Amino acid sequence: MLVGGGYGALVFGGAVSLLHVLHNRLEGVRDALAIWGFFALLWGVAAAGATAIGLLVHRVIARDRSRRAGDPGAALSPGLAWGLSLFHIAFFVPFVIYGRTYDEAAFAGPPRTASGMLALLAAAGVVVAAAVCLLSGPIARWLTSLAARGALRRAALTAVAASAVINVAAAVVFAVLPDAAAPAPSSFRPLRAPDRAGKKLVLVGLDGADWRVLRPLAERGETPTLARLMKEGAWGPLRSLPGYNSAAIWASIFTGKAPHQHQVLDFYRTRLPGTTGPGIFSVHRTFFIEIADLLAKQHLVSRRTVDRSFLRARPLWEILDDLGARVGVVDGYQISVPARPLETAGGFFFSYALNPVSRQPGFDPNAIAPDRLPLLIQPPEALRFYVPHAALPDFDWQAATLLDVLVAQEQPEFINIYAHQPDAVQHDRWKWFEPELFLRVDPADVERWGDAIPERYRAIDRFLAALIARLDPGTTLMVVSDHGHSPTLIDRLYSQHRHGPPGIVLLWGDAVKPGLELGDAGVLDVTPTVLHLLGYPQAADMPGRVLREAFEASSAAAAAPRTIESYDAFGAARFIGSAGPDLSAEEIERLRALGYL
């Protein structure tokens, strides 16, 4: 058990710890040592437990007590091999098959049935398990030979020292390297009002919207508004960021920066025992995300969900507000918490924090505490437009609120609305949307839930029709999603997107070429394109580009974009406070309800 536990602590614990140091660009030596110790203990205990089971299995199978009694080392190798095999299988087989989507399992095209997908996953699991068993034997024999020569203790101490030094060295390197997220200098100043006259844009963010669902609906006439926008505008797939979840991707969409620049890498940070920093973002698919949920219930780790204070870049609405443009925000995902006090009059800001608030039983918006209201809505008097829907998806309050504001006051130059749909319904209902791809599907459930996903797209279509009717002439409409979806057979959710299936992008307005299918657009192109359409330069520290091919050659939008170094150093990042532990607890429960935890 000690040998197996040490192996798990050093090989897996040390490696997983180093991945987290690199992923988070961790700069604190103390924190690097703390997470190294935490992961060493975590994986050491797991390996020790597997080794104990392996030794027990070997004892039952071998039944060779006399040989074990005469030569303990002779029995160690096969028993340890059993334990390491169990440990490696428990780590690598789920890593290979859990959450694997139909798109990822494709060799000559995705499987067409659940049985075909199950066969592929089973084959992959068998191959991985066989490879693990073949490798575990030599590893066990090597460890046994070290023990027989009396060299195991020296080797273990050397490995411990090397593992700790590597983790600490990585933290020291990050501490002395220049800050990758530091803003570049900028001498840019706001353009004169005549340069911006008449330029208005509405950005509609639909989490998880996928052309594979939307396009057939449009072709069948079930989403006539979206079909019209496709015919009259430019549209196509929007390249996502594989390996990242929605929190990181939407931060990239709203800032134009890559995740390593804006430093929002997950839904929340996890604070480990002994650490002093704000916590770490989990490396994707290391199984720590699931383990952290269990540890948090035992109060062994704490978590805090992302808010604006975590962001190391400036979102669109802050840039434009500081440039003197009126902005309207109805939910900007987690980085819109808390609501931003607006510098330019005539705008409005409804924070993402209103989502958990509005679902409270018997919620009365007028009863929001005066000290909490500015964290949720800016200016506070905009509360009169807020239309909560306690029993309905977030999209309903977002849509109703924006439409009410547009009736009551002048349209700002820039409007952003984000909806967590259709992502949530696709994760939860895909099993009945494509029942042939899942096992043991009840026809009664198909009848009940099979139309849930199409109906959410129809609701979005109806909202877009109402929105267009309220927009000022000359407004450009941009509809984007952070990723698409693909069904998965073995997962807590019925669809997944970790491999980064493309989302959607749709541009509609006077300057947009009608009926153009875009072929090369990515999530990092959204912010540069928005800035360009509103008459502002793109920034050199934004990796994306302006989607100029979408615009008529005779329009001003087709002109080459101007460029400045950065917007991050211009103006001031004005936000008050942070989400705090109360909202973090609410958001953790929301993520758990959606199946992310």
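**Close-up views of a predicted model**

**View 1. P379 sits in the loop that runs between β7 (377-378) and α16 (394-408).** The model shown here and in the views below is predicted. The bond between Q378 and P379 is a cis peptide bond. Its omega is about -15 degrees. Most peptide bonds are trans.

**View 2. V337 and P338 are joined by a cis peptide bond.** Omega for this bond is about -5 degrees. P338 belongs to the loop between β5 (327-330) and β6 (348-350).

**View 3. Helix α9 crosses helix α19 at roughly 65 degrees.** Helix α9 covers residues 224-232, and helix α19 covers residues 452-470. Their axes come within 7 Å. From α9, the residues in contact are P224, T225, L226, R228 and L229. They meet D461, L464, A465 and I468 of α19. By class, the contact of α9 with α19 has 6 nonpolar residues, 1 polar residue and 2 charged residues.

**View 4. V479 is found in strand β9, residues 476-480.** V479 counts as buried because its relative accessible area is 0%, and the cut-off for buried is under 20%. Leaving out residues up to four places away in sequence, V479 touches V204, L206, I504, V505 and L506. L464 lies 15 residues from V479 along the chain. The C-alpha atoms of V479 and L464 are 9.7 Å apart. L464 is also one of the α19 residues that meet α9.

**View 5. R25 has a positive phi in the loop between α1 (2-24) and α2 (29-62).** The value is near 50 degrees, and R25 is a residue other than glycine. Most residues other than glycine have a negative phi. R25 has 27% relative accessibility, so this residue counts as partly exposed.

**View 6. Q263 also has a positive phi, near 70 degrees.** Q263 is likewise a residue other than glycine. Its place is the loop between α11 (259-262) and β3 (268-271). Is Q263 buried or exposed? Q263 counts as buried, because its relative accessibility is 12% and the cut-off is under 20%.

**View 7. V29, L33, V172, V173, V176 and L177 make a nonpolar surface patch.** The patch has an area of about 480 Å². Two elements, α2 and α6 (152-176), each give two or more residues to the patch. Which of them gives the largest share? That is α6, with 3 residues. V29 is one of the patch residues and lies in helix α2. With 35% relative accessibility, V29 counts as partly exposed.

**View 8. Helix α12 spans residues 288-297 and has buried residues along it.** These are F288, I289, A292, D293, L295 and A296. An α-helix has 3.6 residues a turn, so residues three or four places apart point the same way. After α12 comes H299. The phi of H299 is positive, near 60 degrees.

Methods:
Residues numbered from 1 in each chain as written. Predicted model: local features only at pLDDT ≥ 70, side-chain atom pairs only at ≥ 80, totals over all residues. Heavy atoms only, no water. Axes fitted to C-alpha atoms, helices over the stretch in contact; angles between N-to-C directions. Helix = DSSP H or I, 4+ residues; strand = E, 2+ residues; numbered from the N terminus. Contact = heavy atoms within 4.5 Å. Nonpolar A, V, L, I, M, F, W, Y, C, P; charged D, E, K, R; others polar. Buried < 20%, exposed > 50% of the residue type's maximum accessible area, 1.4 Å probe, protein only. Patch = residues over 30% accessible without salt bridge, like charges linked within 9 Å, V, L, I, M, F, W, Y side chains within 5 Å. Areas by Shrake-Rupley, 256 points an atom, 1.4 Å probe, with all protein chains shown as cover. Salt bridge = Lys/Arg side-chain N within 4 Å of Asp/Glu carboxyl O.
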